[in-house]
Amino acid sequence: MWIILPTATPDGLSTLPRGDAAGTAAESVSPSTRSLSSLVTVVAFLALHAAALYAVFFVELTWGAALLMLAVYVGRGFGLTAGYHRYFAHRAYKTSRPFQFVLGLMGASALQRGPVWWAGHHRTHHKHTDDDLDPHSPVVKSVWWSHIGWVLSNKYNGTEWGLMKDFQKYPEIKYLERFDLIPGILLAVACYAAGALTGAGGLSSLFWAFFFGTVVLYHSTFMVNSVCHLFGSRRYATKDQSRNNAFVAFVTLGEGWHNNHHHYPSSARQGFKWYEFDTSYYILKVLSVFGVVWDLRAPTPRGLAARTRSATPAA
Ligand SMILES: [Zn+2]
Ligand SMILES: [Zn+2]
């Protein structure tokens with residue numbers, strides 16, 4: 001599982017950058033260690049799903065726990081969409097070094113590994129969208145592989161520091177990358193404590209806000225890679241099979257406008273029309289008013305219009 005892999009590398013620090021070395025740290029990891037990592041990943045992943053199912057059948061959902069679940073979902077979702085994706089992978093806006101770290105912490109609390117691992121593989125996805133080198137194309141490989149198989153396999157254990165050199169100068173990001181389990185563990189403890197202290201119920205909050213929410217967030221994130229390259233509309237005739245999908249956009253705080261995104265990846269906004277709701281962008285706009293983030297990149301009018309007419313439904 002993602003949550004175990006970093007500590008499963010032989011020297012731990014092998015996931016840190018080494019000069020100008022390109023390629024992945026996985027190349028320095030022995031095949032047996034990688035297989036063990038993959039096994040641990042699968043077991044941990046199944047355990048999280050079991051905890052989420054246990055919540056559904058055996059743990060009462062209190063109102064307090066439901067509210068906490070929603071808040072934690074949006075908070076972690078924002079860490080992934082506005083943080084890991086739009087900031088770390090695409091540099092679609094600017095922010096301070098402390099808030100950059102906060103974004104990394106929020107994303108890491110979703111147990112989807114560190115920001116550099118996540119964003120590095122995402123940069124590969126944009127470089128090779130729907131071709132043989134795409135880590136998770138449902139067009140080239142299977143729906144299963146694009147949705148979940150690629151994270152359960154040992155093929156992408158390594159962190160693509162070669163593609164993420166812009167973050168090599170931040171030691172706090174390197175440590176976050178190395179200890180990427182810690183934010184999630186702290187969040188689990190905080191969920192239990194918040195529930196116990198407020199009367200919402202410690203176990204109810206832990207199981208619903210943390211375990212159940214983690215699993216739902218996994219699959220909503222994964223749907224961007226699987227569903228959004230198969231089902232939806234294509235406004236732009238991009239070279240890939242990316243689609244705009246309103247349902248995925250709803251559950252991922254705006255990431256489902258994936259054809260828009262592949263057409264104009266550097267934009268902080270992914271919903272290009274007024275009706276294409278983009279919760280992460282709305283939050284970023286509010287934060288920009290307070291100077292927490294700035295220089296939000298937006299598509300030019302020409303960029304917005306480009307290739308619209310030649311767009312064709314993809315096979
Ligand atoms: Zn894509
Ligand atoms: Zn992207």
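Does Thr62 count as buried, exposed or partly exposed, and how many C-beta neighbours lie inside 10 Å? Thr62 has 18 C-beta neighbours inside 10 Å and therefore counts as partly exposed. The classes rest on the number of other C-beta atoms, placed from the backbone, within 10 Å of a residue's own: 20 or more for buried, 12 or fewer for exposed, and anything in between for partly exposed. The model is predicted, and local features need pLDDT of at least 70, side-chain atom pairs count only at pLDDT 80 or more, and totals for chains, interfaces and linings use all residues. Residues are numbered from 1 along each chain as its sequence is written, while chains are lettered from A and ligands numbered from 1 in the order in which they are written.

The protein contains 13 helices and two strands. These elements are DSSP runs numbered from the N terminus, with helices (H or I) of at least four residues and strands (E) of at least two. Of its 315 residues, 47% count as buried. Two residues are taken to be in contact if their C-beta atoms, placed from the backbone, lie within 7 Å. Among contacts between residues at least 6 apart in sequence, 68% join residues at least 24 apart.

Thr62 is placed in the loop between helix H2 (31–58) and helix H3 (63–89). When neighbours within four places in sequence are left aside, Thr62 is in contact with Ala200, Gly201 and Ser204. Thr62 and Gly199 are separated by 137 residues in sequence, yet their C-alpha atoms are 9.3 Å apart in space. In helix H2 lies Leu53, which counts as partly exposed because it has 13 C-beta neighbours inside 10 Å. Leu53 and Phe211 are 158 residues apart in sequence and 9.1 Å apart in space, C-alpha to C-alpha.

A nonpolar core is defined as a set of buried Ala, Val, Leu, Ile, Met, Phe, Trp, Tyr and Cys residues joined through C-beta atoms within 7 Å. The largest such core has 47 residues, and Met69, Trp208 and Ala209 have the most contacts inside it. At least two residues of this core come from each of H2, H3, helix H4 (97–108), helix H5 (115–127), helix H7 (171–178), H8, H9 and helix H12 (279–289). The most is given by H3, with 12 residues. Met69 touches Trp208, Ala209, Phe212 and Gly213, residues up to four places away in sequence not being counted.

Two packed helices are described by the angle between their axes and the distance between the axes. Here the axes are lines fitted to C-alpha atoms, for helices over the stretch in contact, and angles run from 0 to 180 degrees between N-to-C directions. Helix H8 (residues 182–198) and helix H9 (residues 202–225) have axes that come within 7 Å and cross at roughly 140°. H8 is therefore oblique to H9. Angles under 35 degrees count as roughly parallel, over 145 as roughly antiparallel, 65 to 115 as roughly perpendicular and the rest as oblique. The contact involves Leu187, Ala188, Cys191, Tyr192, Ala194, Gly195 and Ala196 of H8, and Gly202, Ser204, Ser205, Leu206, Ala209 and Phe210 of H9. By class, nine residues of this contact are nonpolar, four are polar and none is charged. In this division Ala, Val, Leu, Ile, Met, Phe, Trp, Tyr, Cys and Pro count as nonpolar, Asp, Glu, Lys and Arg as charged, and the others, Gly among them, as polar.

The axes of H5 and H7 come within 8 Å and cross at roughly 90°, which means that H5 is roughly perpendicular to H7. Pro115, Val116 and Trp117 of H5 meet Ile173, Leu176 and Glu177 of H7. The residues of this contact comprise five nonpolar, no polar and one charged.

Several loop residues were also examined. Leu253, in the loop between helix H10 (246–251) and helix H11 (258–263), has a positive phi near 60° although it is not glycine. Leu253 counts as buried because it has 23 C-beta neighbours inside 10 Å. Asp295, in the loop between strand S2 (293–294) and helix H13 (301–305), likewise has a positive phi, of about 50°, without being a glycine. With 11 C-beta neighbours inside 10 Å, Asp295 counts as exposed. Arg269 lies in the loop between H11 and H12 and is buried, with 24 other C-beta atoms within 10 Å. Beyond neighbours within four places in sequence, Arg269 is in contact with Asp278, Tyr281 and Ala298.
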